[in-house]
Amino acid sequence: MRYQLAASLLEETFTHFRRCGAGVRECQALWVGPWAHPHLITEVVHPRHSASAAGFQLDDAWLSDFWTRLAKEEVGIRVQCHTHPGAAYHSAVDDAFPVITTPGFLSLVIPRFGLGPVGFERAFLAQIDEAGHWDEVAIAEFLEIV
Ligand SMILES: [Zn+2]
């Protein structure tokens, strides 16, 4: 599946990263789309979370409400995105605690707390397989800015 998202949604993602992370903390954004159009990403959601330079943790109550909202609105999380202080890669913690473990789910990591140019330069995309392992995949194969 190659997801399509508007450039404005990518801008919005970086805005969350910069405002919330302030260049000193990690941040996460979730890319959401309707089940009726599974290749479309239509919304960026900034979850309630705590964070430090070394990681972030979602608020359980928020997440629980969010699952309810997703079901009611017939939308799903397509991609989880988060920042790293330095280089973008999938850390052991990233491997262990994805928001979703469905095979094919994507995890995008943005370097330098999102302070660099808006785009996929030096970003890292991983996909979870049937066995629960994450593999790096080519961003252009799975994400298209439209
Ligand atoms: Zn944040």
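How do the residues of the lining of the second largest pocket divide into nonpolar, polar and charged? They comprise nine nonpolar, three polar and one charged; here Ala, Val, Leu, Ile, Met, Phe, Trp, Tyr, Cys and Pro count as nonpolar, Asp, Glu, Lys and Arg as charged, and the others, Gly among them, as polar.

1. Basis of the note. This is a predicted model, in which local features need pLDDT of at least 70, side-chain atom pairs count only at pLDDT 80 or more, and totals for chains, interfaces and linings use all residues. Residues are numbered from 1 along each chain as its sequence is written, and side-chain values use heavy atoms, with hydrogens and water left out.

2. Zinc site. Cys 20 (SG), Cys 27 (SG), His 46 (NE2) and His 49 (NE2) are the protein donors of the zinc ion, at 2.0 to 2.3 Å from it (donors are N, O and S atoms within 2.8 Å of the metal, or 3.2 Å for Na, K and Ca). The angles among the four donor atoms are 101 to 123°, and the site is tetrahedral (for four donors, all angles between 85 and 135 degrees).

3. Sequence context of the zinc donors. The donor residues follow the spacing C-x6-C-x18-H-x2-H. Cys 27 is in the loop between helix 1 (7–21) and strand 2 (28–34) and His 46 in the loop between strand 4 (43–45) and strand 5 (49–52), so this pair ties together parts 19 residues apart in sequence. Helices (H or I, at least four residues) and strands (E, at least two) are DSSP runs, numbered from the N terminus. Cys 27 is buried, at 0% relative accessible area, whereas His 46 is partly exposed at 29% (buried means under 20%, exposed over 50%, partly exposed in between, with a 1.4 Å probe and protein chains only).

4. Positive phi angles. Ala 22, in the loop between helix 1 and strand 2, has a positive phi of about 50° although it is not a glycine; its relative accessible area is 45%. Phe 113 has a phi near 55° and is buried at 8% relative accessibility.

5. Second largest pocket. Its volume is about 190 Å³ (the space filled by probe spheres set on grid points joined across faces, edges and corners). A pocket is an open set of points on a 1 Å grid where a 1.4 Å probe fits, with protein on both sides within 12 Å along at least five of seven lines; lining residues have an atom within 4 Å of a point. Strand 7 gives the largest share of this lining, four residues.

Conventions:
Tetrahedral: all angles 85-135°; square planar, octahedral: opposite > 155°, others 65-115°.
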